[in-house]
Amino acid sequence: MSLDPQRRLRRKLLLAPTTLTLLLFMVLPMLLMAWMSVLAPDTYGGVRWHEWSLDAYVQFLYERDLDDSLTLNSDYLQIFGRSFLLAGFATVVTLLIGFPTALYIALKEEKTRQRLILLISIPFWTNLLVRTYAWMLLLRNGGLIDSSLSALGLSQGALDVLYTPTAVAIGFVYSFLPFMVLPIYTSLEKMDWRLVEAAFDLGANRWQALRRVILPLAMPGIVAGCLLVFIPAIGSYYIPELLGGGKSLMIGNLIQNQFGTARNWPFGAALSFMLLALVLLAMGVYTRRFQRPPGE
């Protein structure tokens, strides 16, 4: 049924503020970054606005020798690989912890659920930067964790965890775990638990009911949680900077260095666009895989 012109106009007017906001704060900055990525860098930072160049994209895979020949350079690929590996690890671990936690909360009474959700939300009351500094105190040699393990006789010598990829992974899991628990809990809370009872009546055990009833119904929350963890983790800057000590360089740190210390704005913009493309590709593959109709 087609809408009359007045109703279509009214709908466009209602959507106009949202459309303008998206254009101003999303589309326009992305177009500016795209334009900047194909410009030549200026000598003292910034770009030469009227000089086109694709060197920023060439620099990602190659470096120029003194004779202007190109040599393959895999350093930036290793940084991208490390970033995807750490973000993927954080996503898997938060899922393994978050799903049982969300299931446990969803099976409780309403008042108990509200208290548990409040406990999960409490970390949001404190700035993440402050909490990351707190983890530095916990993970450093002689810190609370190191001294506690030594007192219990579970550790010999210094812990040596801070400023390693392990510390970065711990920071990711701690920081983004609520983003995994809450979407899964939302899906489980809306689920009709009579379907689980029906599965038991039909002879299913607990594992079969979990695999065939609960997991498929919770899949929208699982997918949303994985995306909410993976995307911020792969572009995170201050967690690798503080807990990794600059030794575990990730994409966010590399982009910041290009706009800051290196003052190579086109290369920083090109790195941002390549990260965006890879994230959109991963999101497309992931959602396509888990949103297929049953039986396909």
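Reader: How far apart are the end C-alpha atoms over residues 162-185, and how much of that stretch is helix?
Author: This is a predicted model, in which local features need pLDDT of at least 70, side-chain atom pairs count only at pLDDT 80 or more, and totals for chains, interfaces and linings use all residues. Residues are numbered from 1 along each chain as its sequence is written, and side-chain values use heavy atoms, leaving out hydrogens and water. Helices are DSSP runs of H or I with at least four residues, strands are runs of E with at least two, and both are numbered from the N terminus. Over residues 162-185 the strand share is 0%, the end C-alpha atoms are 32 Å apart, and the helix share is 88%.

Reader: Which residues does UniProt list as "transmembrane region"?
Author: The UniProt entry is unreviewed, and its annotations may be inferred rather than shown by experiment, with positions in the numbering used here and feature names shortened.

Reader: At which residue does H1 bend?
Author: Helix H1 (residues 5-37) spans only 42 Å between its end C-alpha atoms, whereas a straight helix of 33 residues would span 48 Å; the expected span is 1.5 Å times one less than the number of residues. The bend is the angle between axes fitted to the seven residues ending at a residue and the seven starting there. In H1 this angle is about 45 degrees, with proline 17 following within four residues, and the bend is at alanine 16.

Reader: Is threonine 91 buried or exposed?
Author: Threonine 91 belongs to helix H3 (residues 75-106). Buried means under 20% relative accessible area, exposed over 50%, and partly exposed in between, with a 1.4 Å probe and protein chains only. Because its relative accessibility is 9%, threonine 91 counts as buried.

Reader: Which residues does threonine 91 touch?
Author: Contact means heavy atoms within 4.5 Å. Residues up to four places away in sequence are not counted, which leaves Met180, Cys226, Val229 and Phe230.

Reader: Why does glycine 221 count as buried?
Author: Glycine 221 lies in helix H9. Beyond its neighbours within four places in sequence, glycine 221 is in contact with Pro183, Ile184 and Ser187. Glycine 221 counts as buried because its relative accessibility is 3%.

Reader: How far apart are the C-alpha atoms of glycine 221 and serine 248?
Author: Glycine 221 and serine 248 are 27 residues apart along the chain. Their C-alpha atoms are separated by 31 Å.
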